[in-house]
Amino acid sequence: MKKLLHSKDRGVLRGIDYEDPIIVYRGERVLSALRKLRGDEGNITYSLAIDVFYSYYLPLPVLEVEDNIPKSKRLHYQLIASMLTDPYVDQVKAHTIADSATSMVMAVSYLEKVLELLEQHGLGFGEEGGGESQKGIGMSGRGESEGEEEYEEQKKLIQEISREAMRRAAEEAETAKKIQRLAQGLSAGIGSSLMFEERVHEVLRLARNTDVRRILHLLSGLPKHSIRARHKVTRHPRGELRGYEHGGDIERIVPSEIALPPEYFNVKFAENRLLLYEKVLPENWGPLYILLDKSGSMDGAKMLWAKAVTLALYVKAVKEGRPFYMRFFDSVPYPLVKVSRRPRQHEALKLLEYIARIKGSGGTDISRAIMTACEDIYRGSVRNVSEIVLLTDGEDKISEPMVRRALMTSNAKLITVMIQGDNPDLRRLSSKYLIAVKLDKEEALNVVEL
């Protein structure tokens with residue numbers, strides 16, 4: 001672990017207090033994520049980590065005058081200068097300005113890419129981080145003109161490295177942004193940027209996963225705000241005000257009605273036409289439980305579409321404030337993943353990682369999977385009606401009496417999504433039954449809106 005910043009370890013940006021605890025914290029977060037991704041931080045100092053972070057975070061970061069920068073900071077200075085003068089930086093900063101989570105992802109990914117590219121050229125940071133490298137980046141002991149030529153060549157190399165690192169990091173940051181929004185249920189005000197920053201290394205690993213990128217690409221095809229929450233309420237005279245209605249309940253009467261002439265008031269009261277406050281109490285939904293078939297016949301496009309639908313249903317569960325359960329199954333049910341009513345980001349990241357990791361293989365036992373789901377719900381002592389969404393292409397024979405009894409015992413409704421197939425047994429057991437043929441975004445929306 002590096003020592004905390006001291007007065008000599010200053011960066012190359014003006015207006016940054018490199019001893020401020022919050023600023024030091026940002027630098028530590030960047031270095032900590034680098035250590036978890038690489039195993040080390042490549043001799044990068046706190047000040048360099050801070051400068052990279054704030055180069056993306058601040059709208060208009062200002063560099064110090066180059067002549068005032070000591071030789072030990074030349075590589076450090078060249079990287080920041082190359083980054084800030086690159087025309088591409090404006091496109092990147094459109095997503096990072098005043099966004100600490102995205103700036104953190106960008107800083108970590110950028111520095112990791114810089115270290116990789118430097119190592120490819122046999123270069124690296126010195127012990128003081130940002131100083132002389134393995135090949136002697138900076139002015140050598142040669143003649144003055146020869147040293148200047150070497151310095152200019154070095155600057156060109158650093159510019160190329162910075163440009164390439166920024167472009168590669170921007171791709172990962174874009175995917176990480178989608179992961180963050182997914183973890184927050186695609187809604188503002190859910191989750192914390194600080195919590196997200198603590199898990200930057202996990203997010204970057206997910207952003208590099210090919211299956212994750214494919215799933216997110218499918219989800220991005222859904223129209224914006226298309227995943228709508230259903231609000232379940234019950235009328236109550238002491239509930240929350242939702243609007244106005246006509247009736248005869250004096251307890252909810254609007255004060256202006258009392259000012260009416262007595263004859264007019266009595267007529268409206270007799271005809272149940274008094275203006276009343278409409279008051280309701282919100283009700284909680286039971287869990288949204290997903291059963292996803294991972295048998296061998298589901299491998300490929302079917303599995304990818306089903307995974308994207310599962311994550312869309314997770315977003316819906318978050319918006320509706322209901323617990324989210326999920327199991328894969330083939331001939332046997334796989335471990336249960338549960339996300340709470342108010343999910344923490346690590347739960348969402350774990351869910352995404354688990355969904356992306358599972359591959360199609362094995363046989364199919366739908367009856368066993370449904371009864372296992374019913375048992376999970378029953379053990380959770382759920383009072384409200386739960387929904388089990390079954391995503392499968394299986395034509396397995398269903399034990400109807402046993403499955404029906406299990407559904408009644410757990411107070412659960414079965415919603416079946418048959419993927420390019422049909423199953424008469426499931427059609428009879430299901431409260432809703434949908435056949436997906438094209439596996440496109442329209443059919444995905446039909447499932448989410450069930």
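In the predicted model, the largest nonpolar core comprises 106 residues, of which Tyr 110, Trp 305 and Phe 324 touch the most other members. A nonpolar core is here a set of buried Ala, Val, Leu, Ile, Met, Phe, Trp, Tyr and Cys residues joined through side-chain atoms within 4.5 Å; buried denotes under 20% relative accessible area, exposed over 50%, and partly exposed the range in between (1.4 Å probe, protein chains only). Another core, of 21 residues, lies apart from it and includes Tyr 289, Tyr 325, Ile 366 and Cys 374. Local features were required to have pLDDT of at least 70 and side-chain atom pairs pLDDT 80 or more, whereas totals for chains, interfaces and linings use all residues. Residues are numbered from 1 along each chain as its sequence is written, and side-chain values use heavy atoms, with hydrogens and water left out.

Helices (H or I, at least four residues) and strands (E, at least two) are DSSP runs numbered from the N terminus. Helix H12 (residues 301–320) reaches 29 Å from its first C-alpha to its last, close to the expected 28 Å, the latter being 1.5 Å times one less than the number of residues. Of its 20 residues, 17 are buried, so H12 is largely enclosed by the rest of the structure. Gly 321, which follows H12, has a positive phi near 65 degrees.

In helix H15 (residues 400–409), the buried residues are Glu 400, Val 403, Ala 406 and Leu 407. Viewed down the axis of H15, they fall within an arc of 135 degrees and therefore line one face of the helix, the arc being that of the directions from the helix axis to the C-beta atoms. The face turned away from this buried side carries the exposed residues Pro 401, Arg 405 and Met 408. The cover over the buried residues of H15 includes helix H14 (366–379), strand E6 (386–392), E7 and H16.

Asn 423 occupies the loop between strand E7 (412–419) and helix H16 (424–429) and is buried, at a relative accessible area of 3%. A polar atom of the Asn 423 side chain lies 3.2 Å from the backbone nitrogen of Leu 426. Beyond its neighbours within four places in sequence, Asn 423 is in contact (heavy atoms within 4.5 Å) with residues including Gly 394, Met 418 and Tyr 433.

Key
Polar contact = N/O pair within 3.5 Å; in protein donor to acceptor, adjacent residues only side chain to side chain.
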